[in-house]
Amino acid sequence: MISNKAKAHISLLCVNMIYGANYLVAKGLMPHKIEASALVFLRISGAGLLFLMLKFFIKEKVERKDIARLALCGFLGVATNQFFSMNGLSLTSPVDAAIIITALPIFTVIISFFLLKEPLTTQRILGVSIGGIGAVLLIYLGNSGLGTGSVTGNIFVAINALAFAFYLVIVKPLMGKYKPITVIVWTFLFGFIFMFPFCIEKLLHTNFEAFETTNWISLFYVILGPTFLAYFLNMFALQYVKPTVSSSYIYVQPAVAMILVAVVSYFVVNSQYKGDITIVKLLCCILIFMGVYLISSGPLKWFKS
């Protein structure tokens with residue numbers, strides 16, 4: 001029988017596979033079909049309604065003293081995260097965005113050290129370093145030239161990574177006290193409130209009549225995949241693993257992107273990705289998974305005193 005901790009790791013793997021694909025899917029919608037802020041509105045409101053439907057089957061109240069923490073989680077983990085993630089991706093290239101987002105585990109380890117008093121072990125530092133090197137090299141070597149980088153977009157993505165790192169740490173105590181769906185509904189409620197005044201105007205000016213079938217499919221994927229399903233699985237995983245372990249799985253995202261590139265290159269004639277997969281890049285994938293393993297596993301004998 002699969003343990004809850006093993007299920008948590010499987011969930012985190014699925015989450016980051018979904019996120020890895022989202023770089024290409026969401027970028028395909030912005031900014032020509034829909035503005036980033038309008039997409040943020042649809043992501044938060046659409047997934048929020050789905051979470052609310054699930055909440056009808058679970059009756060659980062939250063204590064008044066936890067409302068402020070839930071509001072902060074909604075501000076950081078939903079509103080700020082989604083706003084700067086989508087607006088950053090819209091302004092910069094998926095390559096730049098993927099490079100910067102790999103700073104998330106580093107942020108989380110440092111924040112956990114100060115807020116949760118988690119030790120900065122040699123093994124953890126080595127894991128972050130190895131995974132980070134593999135991810136940065138992989139993304140650099142896999143640069144397909146999609147999009148155009150910008151300083152503003154890169155800064156927005158960095159703010160997104162920092163906000164989500166704080167969220168992972170701050171939400172952790174709530175996961176041991178309430179059911180995941182309860183925490184998600186409250187965080188999305190507050191996230192919607194914080195997001196609304198900044199995104200509603202862009203939504204009202206979106207021309208949905210110009211959407212083609214593929215655009216609608218992409219939109220539903222962005223709402224159901226990296227928003228609804230990913231948040232739910234991430235919340236489930238946080239019940240059984242530390243925030244630093246959860247954030248370490250972000251290194252899986254560039255590996256997923258590589259796999260998608262390989263699939264597209266194989267099936268699409270004259271694909272711009274032809275010849276983009278090399279042995280060196282596959283070795284970078286191995287470095288990424290080594291980093292995830294070092295951070296998520298218990299102390300190895302080489303690092304025991």
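Trainee: Before I look at anything, what ground rules apply to the numbers?

Mentor: This is a predicted model, in which local features need pLDDT of at least 70 and side-chain atom pairs count only at pLDDT 80 or more, while totals for chains, interfaces and linings use all residues. Residues are numbered from 1 along each chain as its sequence is written, and side-chain values use heavy atoms, with hydrogens and water left out.

Trainee: How many helices and strands are there in the protein?

Mentor: The protein has 12 helices and zero strands, where helices (H or I, at least four residues) and strands (E, at least two) are DSSP runs numbered from the N terminus.

Trainee: And what share of the residues counts as buried?

Mentor: Of the 305 residues, 51% count as buried, with buried meaning under 20% relative accessible area, exposed over 50%, and partly exposed in between (1.4 Å probe, protein chains only). As for contacts (heavy atoms within 4.5 Å), among those between residues at least 6 apart in sequence, 91% join residues at least 24 apart.

Trainee: What about the largest nonpolar core, which residues have the most contacts inside it?

Mentor: They are L39, F51, Y167 and V171, in a core of 78 residues; a nonpolar core is a set of buried Ala, Val, Leu, Ile, Met, Phe, Trp, Tyr and Cys residues joined through side-chain atoms within 4.5 Å. Helix α7 (residues 151–175) supplies the largest share of this core, 12 residues. In soluble globular proteins, nonpolar side chains tend to be buried together.

Trainee: What is F51 in contact with, leaving aside its neighbours within four places in sequence?

Mentor: With those neighbours left aside, F51 is in contact with I181, I184, V185, F188, T227, F228, Y231 and F232.

Trainee: Which residues lie nearest the centre of the largest cavity?

Mentor: Of its 25 lining residues, Y19, N81, I101, N160 and Q253 lie nearest the centre. The elements giving two or more residues to this lining are α1 (4–29), α3, α4 (94–101), α7 and α10 (243–248), and α1 gives the most, with six residues.

Trainee: What is that lining by class?

Mentor: The lining of the largest cavity has 14 nonpolar, 10 polar and one charged residues, given that Ala, Val, Leu, Ile, Met, Phe, Trp, Tyr, Cys and Pro count as nonpolar, Asp, Glu, Lys and Arg as charged, and the others, Gly among them, as polar.

Trainee: And which residues line the second largest pocket?

Mentor: I44, S45, G48, L49, L52, V185, F188, L189 and F192 line that pocket, which contains about 190 Å³ of space. Helix α2 (36–55) gives the most to the lining, with five residues, and by class the lining has seven nonpolar, two polar and no charged residues.

Trainee: How about K59, buried or exposed?

Mentor: K59 counts as exposed because its relative accessibility is 71%, and K59 is found in the loop between α2 and α3. The side chain of K59 reaches the backbone oxygen of F56 at 3.5 Å.

Trainee: Last one: is the peptide bond from M30 to P31 cis or trans?

Mentor: That peptide bond is cis, with omega near -5 degrees, and P31 lies in the loop between α1 and α2.

Technical notes: On a 1 Å grid over the protein atoms alone, a cavity is a set of points where a 1.4 Å probe fits but cannot get out, and a pocket is an open set with protein on both sides within 12 Å along at least five of seven lines; lining residues have an atom within 4 Å of a point. Grid points are joined across faces, edges and corners, and a volume is the space filled by probe spheres set on the points. A polar contact is a pair of N or O atoms within 3.5 Å; within protein, one must be able to donate a hydrogen and the other to accept it, and residues adjacent in sequence count only if both atoms are side-chain atoms.
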